[in-house]
Amino acid sequence: MVSNIAGGRPPRPGVEPGAQLGALEVYAAQAHGYLSAGGDQLARLAGLLRPAVLESWLRSVRGGIDPMDAVDGRGLRGADLQRYLQAHPIAALMPLIDKLLVQDTARTGLIVVVADQFGRVLSVHGGAEQVAAAAQIGLRAGDDLSERRIGTNAVGLVVRTGRAAWIHGPEHFLHRMHQLTGAAAPVHDPDGRLVGVLMIAGGVRVAKPEILALVKATATAAEMDLLLTAMRSGERGTGRGRRDPAPPHPAGRLALDVLGLGQPQLSVADDRVPLSQRHAEILLLLAEHPEGLGADHLALLLDDTDLDTGTIRAAVSRLRAVVGPTVFGSRPYRLRVPLATDVEALRAALDSGDVDSALRLYAGPVLPRSSAPGIIDIRDELRVRLRTAVLGSGDAAALRRWTACPEGRDDAAAWAAYRATVDRDSPLYAQIEAKIRVLDRRLGADATRMQRFGS
């Protein structure tokens, strides 16, 4: 049954449907051998995998993913999944996705997977036989395809990076997905936030460039639809092209600090109120979703092991006792007063290209002790954006500060960029060169070379 999802037998070595896939399969299969050996053999992965795939594999290893992991029964199912889908922004886009992608693709024997911004599968479309085969390898509605749950795959990579991606056969971290090729693209809302992922999946035919182009074109059309909807909604809000302001809070504007290792805090006028991690998670997620969050959606953002909504309601009730009854409403949970966050300030600095201010604002990762999926995504987004901005700046001071912080301490690409700003005859150049040599020995020369030139 599983082979049916691939549309027949896997390609023979040497067959080249798009980009030397035969060689890619051989190298990826060899990489799985080194992965099984573990230890020092992991350093040999660098010459066998594409840079983006290599980085994803290494994250999967660090996350403790088992390549032989079997399909389990976890996931959102039945009425819970339907409520979640109906409340999700992707629901309004399904007629468009069906028209542009599903109708034609399903007739070719391929499947279309629609996932949310966290990699949770919302729906799977295609022939009955192909959909059943997909379910056998873990592509079912309600399943979690995030990288942290199943390792390297196209949907998980899009969620992680925000960019379109394709993963072929043994490039997948899990063995049960080796007969699958996936081409996926992100769908962003008008504010630039990821709201979902579209993927075409099947056999070797999916590796053709035109398949990825088709998915990307549909994602772009979906983004335009969201933009037009937002514009119409804004025009209807007051008749003046903008919505009514939120009611003022009696204590004034609120501010939430969640960056760094310290205890999260809420500032109310001149007072600072310490928050528990769970309360900080809820407030930050509500600030990130001004449209509001249903209890089911909030539960998924807080815990990917199906946290029950009764627990959510209890946590929200306790939070109201801390911040006051007027801060947010219910059904859905939504902030009713302005809430400034240091996450928002950091994003603003990055949006304006002010790398120096961004580094000063970045006291550390977002709620570093949190394992909530929604918080992890915000944390990863900010870290990647800040790192990219620092490396792109070519500024010696910015690179010095980044390589001095815990997250940049072992960043080979940052050290190489820092070295390029220093005079070769200076003692500092020698110190940086020594650090790069240490990283080469610790991580493997191939791995650090890939970081510097290919990632």
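**Reading a hairpin, a histidine and a helix pair**

Tutor: In this predicted model, strand 4 and strand 5 form a hairpin with five residues between them, and Gly 192 in the turn has a positive phi of about 90°.

Student: What makes strand 4 and strand 5 a pair?

Tutor: Pairing takes at least two bridges. Strand 4 (residues 181-188) and strand 5 have eight, in the antiparallel sense, so they count as paired. One of the bridges joins Ala 183 to Ile 200 in strand 5.

Student: How do you know that strand 1 pairs with strand 5?

Tutor: By the cut-off of at least two bridges: strand 1 (residues 111-116) makes six with strand 5, again antiparallel. Ala 115 has Val 197 of strand 5 as its bridge partner. Strand 5 (residues 194-202) is also mostly covered, with nine of its nine residues buried.

Student: Why is His 289 called buried?

Tutor: Its relative accessible area is 13%, and buried means under 20%, so His 289 qualifies. This residue sits in the loop between helix 9 and helix 10, and touches Gln 117, Arg 193 and Leu 301, leaving aside residues up to four places away in sequence.

Student: Why is helix 10 called oblique to helix 14?

Tutor: Helix 10 and helix 14 (residues 373-393) pack at about 60°, with axes 4 Å apart. Roughly parallel needs under 35 degrees and roughly perpendicular starts at 65, so helix 10 is oblique to helix 14. Leu 300, Leu 301 and Leu 302 of helix 10 meet Pro 373, Gly 374 and Ile 375 of helix 14. These contact residues divide into five nonpolar, one polar and no charged.

Key
Residues are numbered from 1 along each chain as its sequence is written. This is a predicted model: local features need pLDDT of at least 70, side-chain atom pairs count only at pLDDT 80 or more; totals for chains, interfaces and linings use all residues. Side-chain values use heavy atoms; hydrogens and water are left out. Helices (H or I, at least four residues) and strands (E, at least two) are DSSP runs, numbered from the N terminus. Buried means under 20% relative accessible area, exposed over 50%, partly exposed in between (1.4 Å probe, protein chains only). Contact means heavy atoms within 4.5 Å. Axes are lines fitted to C-alpha atoms, for helices over the stretch in contact, and angles run from 0 to 180 degrees between N-to-C directions. Angles under 35 degrees count as roughly parallel, over 145 as roughly antiparallel, 65 to 115 as roughly perpendicular and the rest as oblique. Ala, Val, Leu, Ile, Met, Phe, Trp, Tyr, Cys and Pro count as nonpolar, Asp, Glu, Lys and Arg as charged, and the others, Gly among them, as polar.
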